[in-house]
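Subject: Structure for your review

Dear colleague,

Please find below the structure that I am handing over to you. My findings follow directly after it.

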Amino acid sequence: LMKKLTILNDRGIGMLTRVYNIKKACGDPKAKPSYLVDKNLESAVKFIVRKFPAVETRNNNQQLAQLQKEKSEILKNLALYYFTFVDVMEFKTVNFDLTKNYLDLVVTYTTLMTILSRIEERKAIIGLYNYAHEMTHGASDREYPRLGQMIVDYENPLKKMMEEFVPHGKSLSDALISLHMVYPRRNLSADQWRNAQLLSLISAPSTMLNPAQSDTMPCEYLSLDTMEKWIVFGFILCHAVLNSDAAALTLWKLALQSSTCLCLFRDEVFHIHKAHLYVRMQIGSMHRERRKFLRSALKELATVLADQPGLLGPKALFVFMALSFARDEIIWLLRHADNIQKKSTDDFIDKHIAELIFYMEELRAHVRKYGPVMQRYYVQYLSGFDAVVLNELVQNLSVCPEDESIIMSSFVNTMTSLSVKQEVFDFRGMRLDWFRLQAYTSVSKASLGIADHKELGKMMNTIIFHTKMVDSLVEMLVETSDLSIFCFYSRAFEKMFQQCLELPSQSRHSICFPLLCTHFMSCTHELCPEESPRSYLMRNIIARNLITDICTEQCTLSDQLLPKHCAKTISQAVNKKSKKATGKKGEPEREKPGVESMRKNRLLVTNLDKLHTALSELCFSINYVPNLAVWEHTFTPREYLTSHLEIRFTKSIVGMTMYNQATQEIAKPSELLTSVRAYMTVLQSIENYVTIDITRVFNNVLLQQTQHLDSHGEPTITSLYTNWYLETLLRQVSNGHIAYFPAMKAFVNLPTENELTFNAEEYSDISEMRSLSELLGPYGMKFLSESLMWHISSQVAELKKLVVENMEVLTQMRTSFDKPDHMAALFKKLTSVDSVLKRMTIIGVILSFRSLAQEALRDVLSCHIPFLVSSVEDFKDHIPRETDMKVAMNVYELSSAAGLPCEIDPALVVALSSQKSEIKSELIDFQLQMMSSCSLTNDVCLLPPTGHCNNIHCLAKAINQIAAALFTIHKGSIEDRLKEFLALASSSLLKIGQETDKMTTRNRESVYLLLDMIVQESPFLTMDLLESCFPYVLLRNAYHAVYKQSISANA
């Protein structure tokens, strides 16, 4: 009988699981069997339901004709549903006996039939399957008549079960009334618990080491929710006893006053009564006060046990009582909060529920960690004390039948033979024998009645508890603290989690919700293997954006230290010194950076202080456990944090650029660098709270930002700044709104009618370019260079077209540079001279910008890796002239990546190599001839910082680098070609010197200086060579004339 009860209880839970899943599937339009929602089969299904269970299949072919085609599929797909109902019918035919297992079985049976009656499609499923079976096999399924009758009988399950339990009324009521000493003692108010100092280890220090004992050990941690289900469902089935027994009525009233609904299975509930608002408030406040008491009691218990884990031995009962009490209150709140329609008070919303769950998890962790300590304690307890006491009790028995004597002797022998040196302990057989012994001694005609030997029963209950402390600690944890029900209250779970994160005092306990996911493994059953596991891991433990908020505050403080904010302070100091008025009266004085750190007392707390406190609390939660096992997954909170920090850091960096595509606005590189460093400082501080490698986060994120796109395919700061400098700054240079001044090493706005929205100098001076290099790194600067070279390549492609147009004239000019008159005639035949000069100037501007970027990169790398940069520079400077060009280009590429200037630009060579088969060397000749016409085709105005407002001075860099790149591609001699250019240019310029026409000679001196700049810029031409072609006296006079012209212009 005992084995049957144990097996039936387990089977009943399995059947509940299957029936529950059928109900949920039928309630979900997406999961419901397709035959129940098919419009073509709707009339047939309605006919079956209407006639159920006596469906005449032979005479109703018209109504059921549609089902003929689907009969094989119906048999196949509805078999699982049908035979589940058959199993429920078979489960219904059982005997009932013994208190706990008997009551469990009664509740399981009641729950099973109640949930079955809630499946609205049960008749359709059974009828469809039977019809398909009859059409296929020629006869109804053999179980169908009984099953159909059961479905009809249990339309009102409680009414039918009341009739069924009339013969069992006496045994059921006796079992329920036996709770009259246990249930009222468990169902006490928080004040009563507090007065009794329940669960306190330190209330009586002198008895701290004494073992916790009770006459009813298994009842001390028995679920209150379970007892309430026993009482409510039991007395519903045998309600007549409520009129005749005062104890039964007292139990019934107490149960009704404790809850308004009971859990049937998972999230299916049974509403006991519709409580009045006042009653709901009374119930809610009672449970609220209980949770409040349990929070402090469990905190005290966990703290004491953490300090003295040896107390887990004698005080194990306290631990499991605490877990059971807390579990009951949490499940009560979860169930009622989800099923109370009108929440008039806050009693059904507990913002501190996370704290209670957290202390439960702490106690569970102590039990798991110190399980061997508990095991050793109770092995010695069983062999050294329990065995002796039990032996005395057995010896003192006046009557002891042979079977009972054999069982109890085996108990004593088993315990006496125990040793701490044993590796494996298994007391399941002993516990089953005690279960069997209770059955023998509980019948009315038993010669040894357990009721007459209460001391023996108490002792055996204590021994059974002690055996569980040895071999069933995990099962005890599941029995007393399983919260897998959260798996079926996903919305409440997420709401509580979010609420916990939003409340600063509770955020340190937020890890309890991920820990709850480890409970979910205990909610499935082997009778329902197809049930898919569900888990709700951490959605976002940084949901409050704490780190982002702290970084924002820190960036604001760092921003106050930027140079742009010191102007007002300097102005006030100067005005104060000169005793000038400092502005409007009553204007508040601007606070200086650092004021926020000055505290008048310790109670003064800033917003940043609060954020740091909240962060430390949250980090405690993340650092609480190294990993969690949920089903087949292992979840690591620290890795989760690391991955989210990477994502947020990436988004923040891109966001701090403040790039606006519509207005083409972007943050200055120096300001972005300051913000990024402030952000990194905050992230580094996280290492003080959590054991993570924040350097890895920086490396991953910042390295991705040096590429065009990050790992998610999103734009990076490299792509944003590259796009801005090319499409905004350099485009305005081409439009004549900005000029490049070599002496300032910056681009400067020119006075125009339409003022630009940005100051070019603030984005292109040496400090900004260094900041840009710090942000983009060598990889990002290489991408910037490649983008610049692509633009140069497109300009060279256009120049190539002009060369083709003027091919004949250029060929003649190349052989006639020593015939001035003929050259002048040929020059007049050239077309698109202005276009060539404009495109070459654009190329020069781009190359000038690149030289700024390269110089900034070199400065940055020299600070970070000085030894490596010096080695690369030494390697570059000592390449022999006769070195193979491929080898030399590899060295130049390495040098260029380090920001070092090279005689031949490798990036430009690569960009122009794609046009190798099309570009002719005559292009250079064309450029040289164009140079001789500069003074004729351009107005050159001079500015004080030795630069031309039309950027014509950039032509020198363009000619030198384009020539070097093209001649490298064509494998020609760069020096020879540039000497040819110098001869041609000097010849043309000397011819201009002989002209007398003012229009022809008005820019002559500027063009002379341009020729000098070309030679100074070139690594292949020398001043000696220029002196041989062009008298230096002309250059000296040109410098003098230009200087005088600039002085008069300033005047």
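**Findings in the predicted model**

Strand 5 (residues 738-741) and strand 6 (residues 746-749) pair in the antiparallel sense over 4 bridges; two strands pair if DSSP finds at least two bridges between them. Helices (H or I, at least four residues) and strands (E, at least two) are DSSP runs, numbered from the N terminus. This is a predicted model, in which local features need pLDDT of at least 70 and side-chain atom pairs count only at pLDDT 80 or more, while totals for chains, interfaces and linings use all residues. Residues are numbered from 1 along each chain as its sequence is written, and side-chain values use heavy atoms, with hydrogens and water left out.

The two strands form a hairpin with 4 residues between them, and K745 in the turn has a positive phi of about 50 degrees. Y740 stands opposite F747 of strand 6. Both residues also belong to a cluster linked by ring pairs, together with Y721, W724, Y725, F758, Y763 and F849. Rings of Phe, Tyr and Trp (its six-membered ring) pair if their centres lie within 6.5 Å; planes under 30 degrees apart count as stacked, over 60 as edge-to-face and the rest as tilted.

**Nonpolar cores**

The largest nonpolar core has 191 residues, and those with the most contacts inside it are F235, L298, F320, F486 and F513. Helix 17 (residues 316-339) supplies the largest share of this core, 15 residues. A second, separate core of 116 residues includes I550, L608, V682 and V891. A nonpolar core is a set of buried Ala, Val, Leu, Ile, Met, Phe, Trp, Tyr and Cys residues joined through side-chain atoms within 4.5 Å. Buried means under 20% relative accessible area, exposed over 50%, and partly exposed in between (1.4 Å probe, protein chains only).

**Salt bridges**

A search of the whole structure finds 37 salt bridges, each being a side-chain nitrogen of Lys or Arg within 4 Å of a carboxyl oxygen of Asp or Glu. One of them joins the side chains of D328 and R186 (3.5 Å, N to O). D328 lies in helix 17 and R186 in helix 11 (residues 183-186), so this pair ties together parts that are 142 residues apart in sequence. D328 is buried, with a relative accessible area of 8%, and R186 is buried at 5%.

E617 forms a salt bridge with R508, the closest N and O atoms being 2.9 Å apart. E617 is in helix 28 (residues 607-622), whereas R508 is in the loop between helix 24 (490-502) and helix 25 (512-516), 109 residues apart. R508 is partly exposed, with a relative accessible area of 25%.

**Aromatic pairs**

The structure holds 35 aromatic pairs. Among them, F83 and Y129 form an edge-to-face pair, 5.8 Å centre to centre with 75 degrees between the planes. F83 is in helix 5 (residues 79-91) and Y129 in helix 7 (residues 122-137), 46 residues apart. F83 is partly exposed, with a relative accessible area of 35%, whereas Y129 counts as buried at 6% relative accessibility.

F358 and Y624 form a tilted pair, 4.9 Å centre to centre with 55 degrees between the planes. This pair links distant parts of the chain, 266 residues apart. F358 counts as buried at 3% relative accessibility, and Y624 as partly exposed at 24%.

Yours sincerely
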